[in-house]
Amino acid sequence: MAALVVVAIGTAKSSSDPDKNALTFTYHRESGDNYISQTVSIRNTIRGSVVPVLAFTALDRHGHRLPGVQVRTVYGSDSGRLVVPYGWGYDILRFSGPGEHQVYDVRVTVAHLATAKVPANIHPVTAQPLDAAGRAVSKFSRFTAVRVTNPDAFAVKVRVAYLVYDQPVEGETQQAISVTPVGGLVRVPAEGTAVVKVTGDAARAVARYSDGPAVSVKAYNSQ
């Protein structure tokens with residue numbers, strides 16, 4: 001776990017814009033067995049949900065910039081897709097380019113911050129793969145739909161992604177090598193569920209990687 005340097009940039013702040021300094025970040029290179037590596041926790045002290053646009057700079061174990069490494073996100077905190085609630089949210093990072101296995105920290109820059117149109121969950125939404133008969137099945141199987149459950153007493157909007165992870169050598173972090181959207185933006189009613197069909201690119205990805213060693217199905221708040 002490492003503390004991050006946070007820089008707020010951008011045009012002059014209007015009176016309606018949230019304060020960029022309300023966001024702070026912690027990078028988790030590894031999170032232990034059965035947990036996703038390369039995540040960034042986002043702490044939001046604004047009493048409401050926000051939509052950030054973040055920029056990430058990869059750093060080595062000495063805090064030096066790795067200029068050849070490109071940083072991308074799974075949930076879209078770098079493109080205004082992720083909705084972060086009051087309290088805590090997170091995103092998953094992907095590194096590519098020369099030096100990608102030397103990343104030990106990241107610097108986060110808040111390029112833009114807006115108030116969310118729809119609130120994010122207080123309690124996490126869950127994503128359950130289903131077979132053609134609507135029965136719950138393993139994420140490692142060849143499923144045909146995903147049931148998203150919203151435990152909170154207000155409606156939310158989410159996106160679903162099918163992630164495939166690499167099998168790193170000892171000492172390197174595991175990262176997502178394939179991220180495929182399942183459906184589009186989905187409204188989930190208060191204390192209710194929504195079913196997202198697996199079609200197109202998502203169906204092809206599930207067919208290719210089902211029964212593989214490392215996959216996950218994730219739902220995240222979006223707009």
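Select Arg-29 and Glu-30 to begin: their side chains meet in a salt bridge, 3.8 Å from N to O. The term salt bridge means a side-chain nitrogen of Lys or Arg within 4 Å of a carboxyl oxygen of Asp or Glu.

You are looking at a predicted model, in which local features need pLDDT of at least 70, side-chain atom pairs count only at pLDDT 80 or more, and totals for chains, interfaces and linings use all residues. Residues are numbered from 1 along each chain as its sequence is written, and side-chain values use heavy atoms, with hydrogens and water left out.

Stay with the pair. Is Arg-29 buried or exposed? Arg-29 is buried, at 11% relative accessible area. Glu-30 is exposed, at 52%. Here buried means under 20% relative accessible area, exposed over 50%, and partly exposed in between (1.4 Å probe, protein chains only).

How many salt bridges does the structure hold? There are three.

Next, select Asp-131 and Arg-135. Their side chains form a salt bridge too, with N and O 2.9 Å apart. Asp-131 is buried, with a relative accessible area of 18%. Arg-135 counts as exposed, at 54%.

Now go to helix α1, residues 200-209. Helices are DSSP runs (H or I, at least four residues), numbered from the N terminus. Pick out Arg-204 and Asp-201, both in this helix. They sit three residues apart, about one turn of the helix. A salt bridge joins them, and the closest N and O atoms are 2.6 Å apart. Check the surface at both ends. Arg-204 is exposed, with a relative accessible area of 55%. Asp-201 is exposed as well, at 53%.

Definitions and conventions. Helix = DSSP H or I, 4+ residues; strand = E, 2+ residues; numbered from the N terminus.
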